[in-house]
Amino acid sequence: MTLSTSDFDFDLPEELIAQTPLKDRVSSRLLVLDSKTGQMQDKHFSEIIDELNPGDALVMNNTRVLPARLYGEKPETGGHLEVLLLTNTDGDTWETLIKPAKRAKVGTVISFGDGRLKATVTKELDHGGRIIDFDYDGVFLEILESLGEMPLPPYIKEKLTDNERYQTVYAEENGSAAAPTAGLHFTKELLDEIKAKGVNLVYLTLHVGLGTFRPVSVEDVENHTMHSEFYRLTENAAVELNRIRQAGGRIIAVGTTSIRTLETIGTKFNGELKADSGWTDIFIKPGYEFKVVDAFSTNFHLPKSTLIMLVSAFAGRDTTLAAYEHAVKERYRFFSFGDAMFVK
């Protein structure tokens, strides 16, 4: 079956793109979709607990977003540069995107925060990419927290007043350029309730890259090149998930990043889950057979994106697009700060 990018298009009024997070995380709405029957229910996110059974595993991505957008200047000219940190390649060396790139030649020194942090461009890459080495006194992450801004997705125009609202309440492992947004709806209180019901809370890590926002620019889906992201599943988590599966519990993923990690490992080990880490560029689209995930929650995604293709791989394209049409009609909020779906 040949898949076209336009097969995953839908009409989305711009006013449904959520620009700011809700004050109360759990007050988001939740569209429950039965992928087998196509039946839909409109609920509130706090009611996700009704979809979880004792003995299930709720698998969450505990990555933490770095305030990775820095504004600096060239000391010798005063010229302003915007630096976006992408990947920590080694020690104080980072792969970045710099705007305007033409001002950032090899050897260029950039100063941030009146010189509290300095960087030197050591290599030029394609499309504005630069390798830079940082120089500073103290703890890098503390300096970054004080100087950096959250790198919000390009469709969010509003400024974020509280950086923690672009973090999950269980974020621990620094390294993402974007939040695993399906997890933004959970509070510690809701997770405590879910745990008290007998649901197992299990964590993995996938550091979300900005490639997650890259549009599919080819019409033939097979020609799309997926971005790579770093993932890790610990030995303890793998043992726990295998125990739950053997006891008949479901593996329920929170977000597409958790799905990508679990299915990467399941694909690598013939359906088994083992402790593993590495880089994944898995592209889950219709025709893919799920090996690990039994159900999941996720936000509403961009038209023609790899993420709506992933949802379609699980629920079917027609069922998924019908759910999106329902969400538009019912004025659900879309994208990073928007509402959620539970797909079973």
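How many residue pairs are in polar contact across the interface of domain 1 and domain 2 (both at pLDDT 80 or more)? I found zero, taking a polar contact as a pair of N or O atoms within 3.5 Å, one able to donate a hydrogen and the other to accept it, with residues adjacent in sequence counting only if both atoms are side-chain atoms.

Ground rules first. This is a predicted model, where local features need pLDDT of at least 70 and side-chain atom pairs count only at pLDDT 80 or more, while totals for chains, interfaces and linings use all residues. Residues are numbered from 1 along each chain as its sequence is written, and side-chain values use heavy atoms, leaving out hydrogens and water.

**Domains.** I looked up the bounds, which come from an automatic or database domain assignment: domain 1 is 5-65 + 162-343 and domain 2 is 69-149. Their centres, taken over C-alpha atoms, are 32 Å apart.

**Interface.** I see five residues of domain 1 in contact with six of domain 2 (heavy atoms within 4.5 Å). Salt bridges across the interface also come to zero (a side-chain nitrogen of Lys or Arg within 4 Å of a carboxyl oxygen of Asp or Glu).

Next I traced an open, mixed sheet of nine strands, ordered 2-1-17-16-14-3-12-13-15. Strands are DSSP runs (E, at least two residues), numbered from the N terminus, and two of them pair if DSSP finds at least two bridges between them. Strand 2 (40-44) and strand 15 (276-280) are the edges, each pairing on one side only. Inside, strand 3 (residues 57-61) runs parallel to strand 14 (residues 251-254), joined by three bridges, and V59 sits opposite A253.

Conventions. Helix = DSSP H or I, 4+ residues; strand = E, 2+ residues; numbered from the N terminus.
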